Amino acid sequence: MAYQTRGRDPFLDPGTAEMIEKRGKELLGLALICLAGMAGAMVLSYTPDDPSWMSATDAAVHNWMGRPGAAIAAPLFMILGWGAWGLAIVPAAWGVRFVLHMGHARATGRLIFAPIWLALLSMYAATLAPGAEWAATHSFGLGGLFGDTVLGTVLGVLPLDADLGLKLLSGGMAVAVLVFGAFVLGFTRPELRNIGRFL
């Protein structure tokens, strides 16, 4: 004789589970925005004179994130230069997307390319002329050691005059940063069209 067994009711009904999932994504988005704010404050207040593993000094820390921020900012700028701003832009953009539930499902497929975008940012920054203050306090350009190395290699390969090659690279890198940045930050063509109409 067969007995029918009553299936167990789910612990949470579908509506409650969906609500919890939404709140979880919003909390993740808020955490990313906070992380972006901390990274932005660290990069914005970077000072080469701050104490770090590269600079032993008893001077007061000027970095807004304190001694840990100064210790992280110094190697970041040495490697990426102003490309370090990408570490604040990426979590900020995706944090907003998670909070507003706008395209957050694309995060996994797009964020894996974020390191490439950081490299492009560094390479573009390396094509820009540093100011007198930067040149006086740094032994590398605005793109850090990575940007300087890659830029020097590419300029050495191009069969062009160095000045012309630098201008062409700067323009090309600017376009690449914008296009690839839009991809990494999750933008779609309809979103970009809407932004264009708004502007």
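Predicted model: local features only at pLDDT ≥ 70, side-chain atom pairs only at ≥ 80, totals over all residues.

**Stop 1: a nonpolar patch.** Select Leu27, Leu30, Ile33, Val96, Leu100 and Met102. Together these residues make a nonpolar patch on the surface, with about 530 Å² of accessible area. Two elements, α1 (14–44) and α3 (86–100), each give two or more residues to the patch. The largest share, 3 residues, comes from α1. Now click on Val96, which sits in helix α3. Val96 counts as partly exposed because its relative accessibility is 41%, between the 20% and 50% cut-offs.

Stop 2: Move on to His101, in the loop between α3 and α4 (107–111). His101 is not a glycine, yet its phi is positive, about 55 degrees.

**Stop 3: a charge over rings.** Select Arg97 with Trp94 and Phe187. Arg97 lies over the face of Trp94, 5.7 Å from the ring centre, and also over the face of Phe187, at 5.0 Å.

**Stop 4: ring pairs.** The model has 8 aromatic pairs. Select Tyr46 and Phe77: their rings are stacked, 3.9 Å centre to centre with 5 degrees between the planes. Tyr46 is in the loop between α1 and α2 (66–80) and Phe77 in helix α2, 31 residues apart. Are these two buried or exposed? Both Tyr46 and Phe77 are buried.

Next, select Trp82 and Trp134, a tilted pair at 6.1 Å and 35 degrees.

Definitions and conventions:
Residues numbered from 1 in each chain as written. Heavy atoms only, no water. Patch = residues over 30% accessible without salt bridge, like charges linked within 9 Å, V, L, I, M, F, W, Y side chains within 5 Å. Areas by Shrake-Rupley, 256 points an atom, 1.4 Å probe, with all protein chains shown as cover. Salt bridge = Lys/Arg side-chain N within 4 Å of Asp/Glu carboxyl O. Helix = DSSP H or I, 4+ residues; strand = E, 2+ residues; numbered from the N terminus. Buried < 20%, exposed > 50% of the residue type's maximum accessible area, 1.4 Å probe, protein only. Phe/Tyr/Trp six-rings, centres within 6.5 Å; stacked < 30°, edge-to-face > 60°. Lys NZ or Arg CZ within 6 Å of the ring centre and 35° of its normal.
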